[in-house]
Amino acid sequence: MAFNPQIGTDGKLKHLLTIEGLPMAVLLHVLDTAKSFMSVTAQEVKKVPLLRGKAIFNLFFEPSTRTRTTFEIAAKRLSADVVNLNIATSSQTKGETLLDTVANLTAMHADMFIVRHSQSGAAHLIARHVGPGIHVINAGDGRHAHPTQALLDMFTIRHYKGGFNRLRVAIVGDILHSRVARSEIHALTTLGVPEVRVIGPRTLLPRQVEKLGVQVYHDMTAGLEDVDVIIMLRLQQERMSGALLPSAGEFFKSYGLTPEKLARARADAIVMHPGPMNRGIEIDSAVADGRQSVILPQVTFGIAVRMAVMSILAGN
Amino acid sequence: MIPPDAERLLAALAEQIRRDLKPGTAMVGIYTGGVWLAQRLHQMFGLATPMGTIDVAFYRDDYRKTGLRTGVKPSDIPFPVEDADIVLVDDVLYTGRTIRAAMNEIFDYGRPRSIRLAALVDRGGRQLPICPQYVGAQVQVEGDELIELQRDQSGRLALAVTRRGA
């Protein structure tokens, strides 16, 4: 097997960098543990003492509200001390390298780094250079991976659908620029979803995407036929160079999720979106706010899933 | 050693608890064996307060040594803990560390008026100042022996003794 820096020599998960290559048992351990963390919100004191005395650094080199905040809440519910670094105003802009930044934070006794970076592989780079006992979680690197988003989406699917092995799941929109889509495809296939479809225009699908074990559709109406789960993706205009799209209006006409297109899916299908949503570009407000939407529960589940990942890593 | 009959011990335990029951008494079982026992006792007494369950995994003091195990169950305390009289139920009382963890967890839900501890068997070996109010039996178990509660398909409870590492 190829070198996997996530797994230590004792076979335990040390870092969470990508879903690719993780066995089903590891994914299920996270999902089961997250389910147990859901009950912490029922407590008067919404905290458990697992990570008391641990210092967790949120290193966000790219803007994020939801992911950074839910990581912060998750860490605080585990009783850890959280430091948020606003990188845009930090020494990186003064020319310090990524590894020097991390070395300095390690000297401040960091126990865990949550890393978001526009460069694919940034979290891997950090994980390869930190000392033993320090854990790294990838909170999104370029177009590569966003493993905790994929895990919280799997948690959401399991919550509403009870399992994975009889589902048809469609991922719709800008697959090309989406680290979420890549992580999700790996998670869905590892967990035994028999049919994963990707739906999008040729210009927004990665070349040879079918090699990941998915069925490709360019026609959304056909692609949504009888699906149980619809995962909409954000159109990432900030990552696009050149003319991949005619216009946002054209995109909505073909690939925006409207009530009419949603009607092609199963009547009990759920609609998901990792956020932030572009209403009127990839999703109609009537769907985003409709009864099949589970977009806000996804955010809530994200806290429990991140608590699970952090507490599993810190204990290994 | 030959373990005592769990069903007989449960009946003895129930008699002790019954004397102290009040109308609002709540019951919380600790996974896994304590939950089985609490279910039986809760039904036997016909308690009005719904039963609670606790998995102490998130409150254990050996997390730094052993990490988080798989199969953690969600804790569920479906009654207001504030001012409640709680009977906490476990199968085997040993070092007292599980009870310490369970009490810390209960206090994160509120401030109970009282917590009383019921254990099916007490094998001694306490490492913390924890003392049960209700005990089915005191048992002598060698240090390298493990005594645990088992439940068969019909719901019948039995104690089993195994040697560690055997």
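Student: Into which domains is chain A divided?
Tutor: Happy to start there. The bounds come from an automatic or database domain assignment. On that basis, chain A splits into domain 1 (24-146 + 299-315) and domain 2 (147-294).

Student: What kind of model is this?
Tutor: Residues are numbered from 1 along each chain as its sequence is written, while chains are lettered from A and ligands numbered from 1 in the order in which they are written. Local features need pLDDT of at least 70, side-chain atom pairs count only at pLDDT 80 or more, and totals for chains, interfaces and linings use all residues, the model being predicted.

Student: What is the mean pLDDT of chain B?
Tutor: pLDDT is the predictor's confidence in each residue, from 0 to 100. For the complex, the predictor gives an ipTM of 0.87 and a pTM of 0.92. In chain B, 99% of the residues reach 70 or more, and the mean pLDDT is 95.

Student: How many residues of domain 1 of chain A are in contact with domain 2 of chain A?
Tutor: The C-alpha centres of the two domains lie 26 Å apart. Contact is counted when the C-beta atoms of two residues, placed from the backbone, lie within 7 Å. Domain 2 of chain A brings 20 residues to this contact, and the number from domain 1 of chain A is 21.

Student: Which elements of chain A each supply at least two residues of the side of domain 1 that touches domain 2?
Tutor: Elements here are DSSP runs numbered from the N terminus: helices (H or I, at least four residues) and strands (E, at least two). By class, this side of domain 1 of chain A has 11 nonpolar (Ala, Val, Leu, Ile, Met, Phe, Trp, Tyr, Cys and Pro), 4 charged (Asp, Glu, Lys and Arg) and 6 polar residues (the others, Gly among them). The elements you want are helix H1 (24-37), strand S4 (135-141) and H11.

Student: Where is A:Pro276 found?
Tutor: A cis peptide bond joins A:Gly275 and A:Pro276, with omega about -10°. As for its place in chain A, A:Pro276 is in the loop between strand S9 (270-272) and helix H10 (285-288).

Student: Is A:Gln208 buried or exposed?
Tutor: A:Gln208 has a positive phi near 60°, although it is a residue other than glycine. It lies in the loop between strand S6 (195-199) and strand S7 (215-217) of chain A. Because it has 7 other C-beta atoms within 10 Å, A:Gln208 is exposed.

Student: Why does chain B count as compact as a globular protein of its length?
Tutor: Chain B comes to 4 helices and 7 strands, in the order α-β-α-β-α-β-α-β-β-β-β. The globule rule is 2.2 Å times the number of residues to the power 0.38, and the radius of gyration is taken over C-alpha atoms. For 166 residues the rule gives 15 Å, so chain B is as compact as a globular protein of that length, its radius of gyration being 15 Å.

Student: Which residues does B:Thr49 contact, leaving aside neighbours within four places in sequence?
Tutor: B:Thr49 sits in the loop between helix H2 (33-45) and strand S2 (52-54) of chain B. It is partly exposed, with 17 other C-beta atoms within 10 Å. Its contacts are B:Gly24, B:Thr25, B:Ala26 and B:Phe79.

Student: To finish, how many residues does chain A give to the contact with chain B?
Tutor: The side of chain B that touches chain A has 7 nonpolar, 5 polar and 4 charged residues. Chain B gives 16 residues to the contact, and the number from chain A is 18.

Notes:
A residue is buried if 20 or more other C-beta atoms lie within 10 Å of its own, exposed if 12 or fewer, and partly exposed in between; C-beta atoms are placed from the backbone.
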